[in-house]
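Hi everyone, thanks for coming along. I'd like to walk you through a structure that may be new to you, so let's bring it up on the screen.

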Amino acid sequence: MIATHEDADHMGGLSDVFDSYQVARVIDNGRCGAGCASIYAKAEKESKQTMQTEQQPVYQTDAYIGNKNSHVFHHAGCTSVQRMNKSNQVIRKNKEDAQLQGYRPCKLCQP
């Protein structure tokens, strides 16, 4: 499960999600704060599940992520970025910068 913020419209039904699905991992963007941690703990206790939680950094929405190995650049939210090894990620400030550095656009997210 990915948590973007602790507002009630996102976190209010979390216990129901844990009751209905096996959730092994929770990722948040590091902006949730202590509120999310307490919600996770409560949901974990109520659903009797054990889960791993981690924080992933949020990239600027206008930034692009390049892969050092493939020389392909992506929108920061592309699923390919989520699967990419962190050590291969390079942040590019815009498309022109990426292309000048020899990167080509991702065929999936088409930045």
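Let me start with a question: is arginine 92 buried or exposed? Arginine 92 turns out to be buried, its relative accessible area being 14%. Before I go on, please keep in mind that we are looking at a predicted model.

Now, who is the partner of arginine 92? Aspartate 97 makes a salt bridge with arginine 92, and their closest N and O atoms are 3.7 Å apart. Aspartate 97 has a relative accessibility of 17%, under the 20% cut-off, so it counts as buried too. The structure holds one salt bridge, and this pair forms it.

Let's move on to the nonpolar residues. The largest nonpolar core has seven residues: Ile65, Val72, Cys78, Val81, Met84, Cys106 and Cys109. There is also a second, separate core of five residues, and among them are Phe73, Val90, Ala98 and Tyr103.

Let me pick out one member of the largest core, cysteine 109. What does cysteine 109 touch, once we set aside its neighbours within four places in sequence? The answer is His74, His75 and Cys78. Of these, Cys78 is itself listed in that largest core.

My last stop is serine 80, which you can find in helix 4, covering residues 79-83. Serine 80 has a relative accessible area of 17%, and because that is under 20%, this serine is buried. Again leaving aside neighbours within four places in sequence, serine 80 is in contact with His74, Cys106 and Leu108. You have met Cys106 already, as part of the largest nonpolar core.

Key. Residues are numbered from 1 along each chain as its sequence is written. This is a predicted model: local features need pLDDT of at least 70, side-chain atom pairs count only at pLDDT 80 or more; totals for chains, interfaces and linings use all residues. Side-chain values use heavy atoms; hydrogens and water are left out. A nonpolar core is a set of buried Ala, Val, Leu, Ile, Met, Phe, Trp, Tyr and Cys residues joined through side-chain atoms within 4.5 Å. Buried means under 20% relative accessible area, exposed over 50%, partly exposed in between (1.4 Å probe, protein chains only). Contact means heavy atoms within 4.5 Å. Helices (H or I, at least four residues) and strands (E, at least two) are DSSP runs, numbered from the N terminus. A salt bridge is a side-chain nitrogen of Lys or Arg within 4 Å of a carboxyl oxygen of Asp or Glu.
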